[in-house]
Amino acid sequence: MTRLLLAALLLLPSSALLAQAKPAATTPAATAHPEVVLHTSQGDITLELYPDKAPKSVANFLQYVRDGFYSGTVFHRAIPGYLVQGGLYTRDLQAKRTRSAIPSEADNGLSNLRGTVAVARGADPNSGTAQFFFNLVDNRRLDFVGNQSGLTWGYAVFGKVIKGMDVVDKMAALPTRGLGPFAGDVPNPLVVIDSATVVGEEPAAAPAAAPQQPTAEPAKKAGGKKG
């Protein structure tokens with residue numbers, strides 16, 4: 001009896017320590033990666049963002065979301081087997097004015113694999129503003145390989161689709177046409193972002209009323225450039 005009692009007493013401290021350790025171990029992981037839901041005319045897409053890998057890109061994207069900037073913008077470029085891109089143009093395919101461009105974080109070790117979301121930009125690696133694109137396949141040729149030129153810099157991945165990749169695939173399967181300033185690749189019908197929200201936060205009351213700076217001109221579609 002004494003031995004059983006002693007064994008029970010020895011087990012109690014270990015159990016107590018384990019009970020105390022569990023919340024401390026799980027809390028940081030639960031809050032490390034913010035999530036954003038894009039409510040589109042084709043369905044909802046949920047993104048998980050990586051501020052630990054791409055802090056500037058994530059902060060920039062979240063600010064546009066919180067400002068209500070993406071409400072009413074469209075996905076203006078869909079290329080099956082490649083990407084779907086949007087986040088700048090209105091339903092009339094007029095470019096919205098954006099904040100200042102951000103430095104490229106393409107050298108963060110993240111690869112442009114299927115389902116990831118990356119910063120779209122022009123020829124200058126540091127010209128990304130509000131636009132982003134979804135990788136429909138493993139586009140490793142868009143990864144960072146060196147800082148010699150805009151081509152070798154690649155494109156900065158800052159998150160991934162964790163729910164609604166079927167919606168992205170549905171966008172890519174739509175027929176396309178030339179419309180407005182674009183010679184082709186514009187989905188028909190247009191896919192509109194009705195709103196974008198950060199999970200756990202109140203949605204923006206209205207789109208930002210006072211944009212600051214114009215966006216860079218989009219690069220023409222050639223060899224993986226994205227504007």
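Trainee: What does Arg66 count as at 39% relative accessibility?

Mentor: Arg66 counts as partly exposed, because 39% lies between the limits (buried means under 20% relative accessible area, exposed over 50%, partly exposed in between, with a 1.4 Å probe and protein chains only). Keep in mind that this is a predicted model, in which local features need pLDDT of at least 70 and side-chain atom pairs count only at pLDDT 80 or more, while totals for chains, interfaces and linings use all residues. Residues are numbered from 1 along each chain as its sequence is written, and side-chain values use heavy atoms, with hydrogens and water left out.

Trainee: Which side chain meets that of Arg66 in a salt bridge?

Mentor: Side chains of opposite charge can pair when their charged atoms come close. Here the partner is Glu201, at 2.7 Å from N to O (a salt bridge is a side-chain nitrogen of Lys or Arg within 4 Å of a carboxyl oxygen of Asp or Glu). The pair links distant parts of the chain, 135 residues apart, with Arg66 in helix 2 and Glu201 in the segment after strand 10 (helices, H or I of at least four residues, and strands, E of at least two, are DSSP runs numbered from the N terminus). Glu201 is partly exposed too, at 34%.

Trainee: How many salt bridges does the structure hold?

Mentor: The structure holds four, including one between Asp169 and Arg114, whose closest N and O atoms are 2.7 Å apart. Asp169 lies in helix 4 and Arg114 in the loop between strand 4 and strand 5, 55 residues apart. Another joins Arg140 to Asp138 at 3.7 Å; Arg140 counts as exposed at 52%, whereas Asp138 is partly exposed at 44%.
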